[in-house]
Amino acid sequence: MSIDFSRLEKQLAFIKEIDKEKQIFRQTYIADGTRKENDAEHSFHLALMTSMMAQYSNEPIDILKTMKMVLVHDVVEIDAGDTYCYDAEAAKSKEEREVAAANRLFGILPEDIGSEFRSLWDEFERRDTPESKFAAVMDRVQPLLLNVATNGRAWKEHGIYIDQVRQRIAPVKDGSVVLWEYLNGLIEDACEKGYLK
């Protein structure tokens with residue numbers, strides 16, 4: 001059996017490069033409130049959540065495809081940085097920064113894998129398939145749960161209002177009515193407890 005070492009080297013180069021995701025810290029604190037989570041932890045959390053919660057999707061989904069999607073969705077932040085979801089100014093340049101990052105990072109890989117990962121990333125961004133809609137659900141459920149677990153620590157630090165969180169979770173309804181209804185209850189409770197303005 002002949003091994004294509006040039007292919008292997010590209011795969012290993014990408015693996016080494018994505019280790020940088022562990023250095024991209026988000027605004028959300030881990031559940032015990034001791035520190036902020038990093039992108040790698042966030043993506044791992046979403047993948048595991050997807051495997052457990054797919055039953056709540058509005059439509060049947062390919063679980064493995066959705067897990068891959070949530071694992072690659074924030075890889076671009078290695079170059080583009082994490083854009084806080086409530087930062088309107090940073091959001092203006094987000095797409096441009098992330099597309100450039102996707103081109104570079106997925107370009108490290110052998111063409112077939114790079115094309116697959118780029119396709120998954122693009123699909124996640126479009127939110128036009130059952131898988132991408134449910135991936136977006138996971139991407140919104142997880143930080144909300146962590147904010148509730150930390151008594152709204154990150155929300156309080158940034159002065160976040162209930163209407164901002166409602167707007168942020170609006171796409172959840174497209175992927176999971178069950179989880180959308182549940183999150184709305186959590187948001188109301190969080191506001192009553194003073195976690196949100």
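**Pockets and a helix crossing in a predicted model**

The second largest pocket holds about 250 Å³ of space. Here a pocket is an open set of points on a 1 Å grid over the protein atoms alone, with protein on both sides within 12 Å along at least five of seven lines, and lining residues have an atom within 4 Å of a point; volume is the space filled by probe spheres set on the points, which are joined across faces, edges and corners. Of its 14 lining residues, Ile18, Glu21, Ser43, Leu71 and Val75 sit closest to the centre. Helix 1 (5-18), helix 2 and helix 3 (63-72) each give two or more residues to this lining, helices being DSSP runs (H or I, at least four residues) and strands likewise (E, at least two), numbered from the N terminus. By class, the lining splits into nine nonpolar, one polar and four charged residues; Asp, Glu, Lys and Arg count as charged, Ala, Val, Leu, Ile, Met, Phe, Trp, Tyr, Cys and Pro as nonpolar, and the others, Gly among them, as polar.

This is a predicted model, so to speak of local features takes pLDDT of at least 70 and side-chain atom pairs count only at 80 or more, while totals for chains, interfaces and linings use all residues. Residues are numbered from 1 along each chain as its sequence is written, and side-chain values use heavy atoms, with hydrogens and water left out. Mean pLDDT (the predictor's confidence in each residue, from 0 to 100) is 95 for the protein, with 99% of residues at 70 or more.

The largest pocket comes in at about 910 Å³. It is lined by 37 residues, with Thr83, Cys85, Lys94, Arg140 and Arg168 closest to its centre.

Helix 2 (residues 39-53) and helix 7 (residues 130-149) cross at roughly 115°, their axes coming within 9 Å; axes are lines fitted to C-alpha atoms over the stretch in contact, with angles from 0 to 180 degrees between N-to-C directions. Contact (heavy atoms within 4.5 Å) involves residues including His42 and Met49 of helix 2 and Phe134 and Met138 of helix 7.

Key
1 Å grid on protein atoms, 1.4 Å probe; cavity = no way out; pocket = protein on both sides within 12 Å on 5 of 7 lines; lining within 4 Å.
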